[in-house]
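Open your viewer, show the chain as a cartoon, and keep the sequence panel at hand. We will walk from stop to stop, selecting a few residues at a time.

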Amino acid sequence: METQTETLSDDELVAITGYRLPSLQIKWLAKNGWQYALTGARRPVVGRVYARLKLAGVKPSSSNAVAEPWSLDLSRVG
C-alpha cells in the first residue's frame, strides 16, 4: 500500500495539468486559479488537501482546508 504525502506527486500534477514540463504545469495552474509553491528547481508543488477541494468544486479556505481537526490530548501522559 502506497503512503500518500501532503503534496501531489509529479504523476498527479501531470494528470491534472496534462503537462509534464514544470513550466507548462505552472502556466496551467496559474491560468486555472490554483495555488502552488515553487521548489528551488522551479517545480510547482500543490497540497493534496487543496487539490481535493479544488477538484470537488469547493473553494479552498483556511476553515475548510484542514485535513482532520485534532486537539492535543495529554490525559495519558504521566
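Select Gly-57 to begin: just after helix α3, this residue takes a positive phi of about 85°. Helices here are DSSP runs (H or I, at least four residues), strands are runs of E with at least two residues, and both are numbered from the N terminus. This is a predicted model, in which local features need pLDDT of at least 70 and side-chain atom pairs count only at pLDDT 80 or more, while totals for chains, interfaces and linings use all residues. Residues are numbered from 1 along each chain as its sequence is written, and side-chain values use heavy atoms, with hydrogens and water left out.

**Stop 1: helix α3**

**Stop 2: the whole chain**

Zoom out for a moment. The protein has three helices and two strands, and along the sequence they follow the pattern α-α-β-β-α. Of the 78 residues in the protein, 21% are buried.

**Stop 3: helix α1**

Now select residues 10–17, helix α1, and colour Leu-13, Val-14 and Thr-17, which are buried. Seen down the axis of α1, the buried residues fall within an arc of 100°, so they line one face of the helix. (The arc is that of the directions from the helix axis to the C-beta atoms.) As a rule, an α-helix has 3.6 residues a turn, so residues three or four places apart point the same way. Turn to the other side of α1 to find Asp-11 and Ala-15, which are exposed. The cover over the buried residues of α1 includes helix α2 (22–31) and strand β2 (44–45). Just after α1, select Gly-18, which has a positive phi of about 85°.

**Stop 4: where α1 meets α2**

Show both helices together. The axes of α1 and α2 come within 10 Å and cross at roughly 55°; axes are lines fitted to C-alpha atoms, for helices over the stretch in contact, and angles run from 0 to 180 degrees between N-to-C directions. The two helices are therefore oblique to each other. (Angles under 35 degrees count as roughly parallel, over 145 as roughly antiparallel, 65 to 115 as roughly perpendicular and the rest as oblique.) To see the contact, select Asp-10, Leu-13, Val-14, Ile-16 and Thr-17 of α1 with Gln-25, Trp-28 and Leu-29 of α2. Contact means heavy atoms within 4.5 Å.

**Stop 5**

Is Gln-25 buried or exposed? At 3% relative accessibility, it counts as buried. Leaving out residues up to four places away in sequence, Gln-25 touches Asp-10, Leu-13, Val-14, Thr-17, Tyr-19, Arg-20 and Pro-44.

Next, click on Tyr-19 in the loop between α1 and α2. Tyr-19 is partly exposed, with a relative accessible area of 36%. With residues up to four places away in sequence again left out, Tyr-19 touches Leu-13, Val-14, Leu-24, Gln-25 and Trp-28.

**Stop 5: Arg-42**

Finish in the loop between β1 (37–38) and β2, where you will find Arg-42. Arg-42 is exposed, with a relative accessible area of 53%. Phi of Arg-42 is near 60°, a positive value in a residue other than glycine. Most residues other than glycine have a negative phi.

How values were computed. Buried < 20%, exposed > 50% of the residue type's maximum accessible area, 1.4 Å probe, protein only.
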